[in-house]
Amino acid sequence: MNTKKRKSKGLTNKKRIYKLTKGDITFNIINYLFFTLFTIICIFPFYYLLINTISDNELVRTGQIKWLPKGIHFRNYISLMNVNNLGSSILVSVARTVLGTAVMVGATAFIGYLVTKQEMWGRRFIYRFFVITMYFNAGLIPWYLNMSMLGLTNNFWAYIIPGIVAPYNIILVKTYIESIPADLEESASIDGAGYLVRFRHIIWPLSKPILATIAIFGAVGHWNSFTDSMILMSGKPELYTLQYRLYIYMNSTSNLSALMNSGGNVSQAVIESTLNMRSLKLTVAMVTIIPILLVYPFMQRYFEKGIMMGAVKG
Amino acid sequence: MILPFVILCFVFSYLPLWGWRYAFFEYQPGLGLSMDHFVGFKWFRYLFENAATRADIIRVIKNTLVMSALGIGTSFLPMAFAIFLNEIRASKFRKLVQTFTTIPNFISWVLVYTFAFALFSSEGFVNSVLIDLGVISQGTNFLMSGEHIWLKMWAWGTWKGLGWSAIIYIAGISGIDQQLYEAATVDGAGRFQRMRHVTVPGLIPTFSVLLLLSIASILSNGMDQYFVFKNSANKDTIEVLDLYVYTLGLGSGGSGNIPLATVVGMLKSLISVALLMGANKISKLIRGESIV
């Protein structure tokens with residue numbers, strides 16, 4: 001309360017010195033209008049998608065849901081259970097996100113720690129060896145041939161293993177670890193703790209903020225990627241990620257029944273009456289967005305930190 | 001202890017360079033490479049001598065450069081976004097704007113395409129509203145139009161990235177010494193003069209680094225965005241280098257021209273590295289600091 005008062009007092013002081021000119025007022029109005037408009041443009045698609053997945057499907061099919069949902073129901077989300085291959089794609093996406101992120105964070109923390117060790121042989125060279133890979137790229141085709149030579153096509157591990165060494169994240173973690181007072185490690189070392197013990201009990205707990213940051217960005221990257229699925233998994237559709245599956249549905253010209261599971265206790269007619277292609281596409285999209293929206297509020301704290309640390313390259 | 005990671009890094013980042021040898025061979029998937037199939041610079045010459053390929057390359061490079069140029073030409077927008085957002089006094093509103101304008105950065109291009117589909121297809125939002133207003137009587141699928149593709153792609157990119165790119169400048173503004181503002185005020189600078197003479201100069205270093213980096217990556221627009229938006233109506237104007245390499249080598253179901261695609265990718269990589277080194281030199285000359 002007190003600070004608020006002081007703030008507003010400061011404002012009036014400024015006002016007294018510099019009158020709010022006409023130009024100021026016009027500028028303020030335009031400024032607020034612009035930001036309001038742009039914010040609406042940014043979130044409206046999310047809202048539009050949501051209301052179209054929970055409204056009456058016939059109205060959705062003919063494009064009559066514009067501002068408000070009509071005939072609210074949640075059957076679309078239940079019907080998704082009968083869509084072929086969707087379950088396995090969700091599983092693949094979740095698995096690669098969880099596993100891929102965990103392995104990447106663990107490896108990055110460890111590498112980041114090791115490259116701060118002055119006594120390690122060839123430390124500078126090894127660090128450069130990692131970092132320089134950010135700046136060159138053999139290209140898509142050699143990358144693909146390489147993956148296929150390594151037996152990483154049509155193989156789930158292709159999602160995980162190449163992402164273990166992440167140079168940009170190594171820079172972030174290394175910079176962060178360097179800011180941890182060296183005394184902490186020294187005293188532990190005097191007490192007889194080896195590298196692994198010091199890493200486990202000192203470095204790891206103290207680097208949690210930066211590790212959370214890279215974990216979040218890594219997880220979003222895993223969740224959102226689809227071209228690796230498309231290029232590497234062409235012979236094994238059961239390994240497609242959810243994003244690529246969504247892409248396939250989006251471009252599918254076949255009718256709904258071709259995509260649906262004909263077995264089970266749900267008859268074709270029931271499915272058709274509760275779902276249509278437009279609803280299906282939008283509902284799958286919504287399912288794909290939901291995890292991002294769920295972690296987003298949690299992520300926000302780390303944006304600025306992550307970005308600013310990235311600006312300070314070491 | 002670090003050895004396994006060094007090996008991993010080598011296998012996935014350095015070993016692919018060995019794949020450049022495919023550029024010098026007659027390669028058929030399934031068959032190995034032997035010296036019998038060595039063709040030297042045949043594919044490099046082919047790239048420039050074959051009329052159809054040459055036309056393709058020119059078209060694709062034009063698309064690439066125009067779309068990169070649109071991005072670079074409007075790269076001041078995130079900075080402007082941050083400066084104007086900073087002028088808003090209501091901190092709750094400011095926070096709200098920042099929260100919602102950053103979300104689009106975190107969804108994939110497939111989802112962006114889904115939004116485009118939901119909003120601009122025949123039954124989409126835009127058509128429904130236009131019909132309601134009596135502007136048109138029949139919905140059309142805007143996504144199947146090949147017009148203004150460069151601008152549309154730029155618009156989607158901006159929609160997705162503007163709020164996010166502004167964050168670095170917002171952080172930059174909070175790092176500007178408040179005394180500078182006070183001094184400027186004492187010297188009689190008004191609000192716009194403070195923006196012009198204190199905030200902008202404070203952000204220019206960040207801006208120039210990002211500008212140099214984006215110039216260095218002028219050939220690499222990535223393929224995701226263009227891949228998902230590509231269709232029969234817009235394929236001539238949407239195809240950028242990255243997408244072209246994919247389509248040429250892998251996109252046609254196993255019958256692609258792997259050596260030729262390798263050549264294109266290889267030339268692209270070499271030029272990109274040269275550009276990056278050039279940008280780095282310029283940065284060293286002007287700012288006395290390297291960017292890589």
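This is a predicted model: local features need pLDDT of at least 70, side-chain atom pairs count only at pLDDT 80 or more; totals for chains, interfaces and linings use all residues.
Student: How far is B:Thr247 from B:Ala261 in space, C-alpha to C-alpha?
Tutor: B:Thr247 sits in helix α13 (residues 241-249) of chain B. In sequence, B:Thr247 and B:Ala261 are 14 residues apart. In space, their C-alpha atoms are separated by 8.6 Å.

Student: Which helix of chain B gives the most residues to the side that touches chain A?
Tutor: The contact joins 66 residues of chain B to 64 residues of chain A. On the chain B side, nine residues come from the leading contributor, helix α14 (residues 258-287). By class, that side has 45 nonpolar, 16 polar and five charged residues. The helix asked for is α14(B).

Student: How are α10(B) and α14(B) oriented to each other?
Tutor: Their axes lie 8 Å apart, at an angle of about 155 degrees. Angles over 145 degrees count as roughly antiparallel. The two helices, α10(B) and α14(B), are therefore roughly antiparallel.

Student: What is the hand of the crossing of α10(B) and α14(B), and how do the residues of the contact divide by class?
Tutor: The crossing of α10(B) and α14(B) is right-handed. From α10(B) the contact takes B:Leu212, B:Leu213, B:Ile215 and B:Ala216, and from α14(B) it takes B:Leu275, B:Leu276, B:Ala279, B:Ile282 and B:Ser283. By class, these residues of α10(B) and α14(B) are eight nonpolar, one polar and no charged.

Student: What term describes the orientation of α9(B) to α10(B)?
Tutor: Helix α9 (residues 178-186) of chain B packs on helix α10 (residues 191-216) of chain B at about 140 degrees, with 10 Å between the axes. Roughly antiparallel would require an angle over 145 degrees. The angle makes α9(B), relative to α10(B), oblique.

Student: Which residues of α10(B) make the contact with α9(B)?
Tutor: α9(B) passes α10(B) in a right-handed crossing. From α9(B), the contact uses B:Leu180, B:Tyr181 and B:Ala184. From α10(B), it uses B:Arg194, B:His197 and B:Val198.

Student: How many of the nine residues of α9(B) are buried?
Tutor: α9(B) lies largely in the open, and B:Gly188, with a positive phi near 90 degrees, follows it. Burial requires 20 or more other C-beta atoms within 10 Å. The number of buried residues in α9(B) is zero.

Student: What is the phi of B:His148?
Tutor: B:His148 lies in the loop between α7 (125-132) and α8 (149-174) of chain B. B:His148 is exposed, with 12 other C-beta atoms within 10 Å. Most residues other than glycine have a negative phi. For B:His148, phi is positive, near 50 degrees.

Student: And what is the phi of A:Asn154?
Tutor: A:Asn154 is in the loop between α7 (140-149) and α8 (167-178) of chain A. A:Asn154 counts as partly exposed, with 15 C-beta neighbours inside 10 Å. Its phi is positive, near 55 degrees.

Student: What distance separates the centres of domain 1 and domain 2 of chain A?
Tutor: The domain assignment gives domain 1 (2-73) and domain 2 (80-242 + 282-311) of chain A. Four residues of domain 1 are in contact with four residues of domain 2. Over C-alpha atoms, the centres of domain 1 and domain 2 of chain A are separated by 36 Å.

Terms used:
Residues are numbered from 1 along each chain as its sequence is written. Chains are lettered from A and ligands numbered from 1 in the order in which they are written. Axes are lines fitted to C-alpha atoms, for helices over the stretch in contact, and angles run from 0 to 180 degrees between N-to-C directions. Helices (H or I, at least four residues) and strands (E, at least two) are DSSP runs, numbered from the N terminus. Angles under 35 degrees count as roughly parallel, over 145 as roughly antiparallel, 65 to 115 as roughly perpendicular and the rest as oblique. A crossing is left-handed if the near helix is turned anticlockwise from the far one by less than a right angle, and right-handed if clockwise. Two residues are in contact if their C-beta atoms, placed from the backbone, lie within 7 Å. Ala, Val, Leu, Ile, Met, Phe, Trp, Tyr, Cys and Pro count as nonpolar, Asp, Glu, Lys and Arg as charged, and the others, Gly among them, as polar. Domain bounds come from an automatic or database domain assignment.
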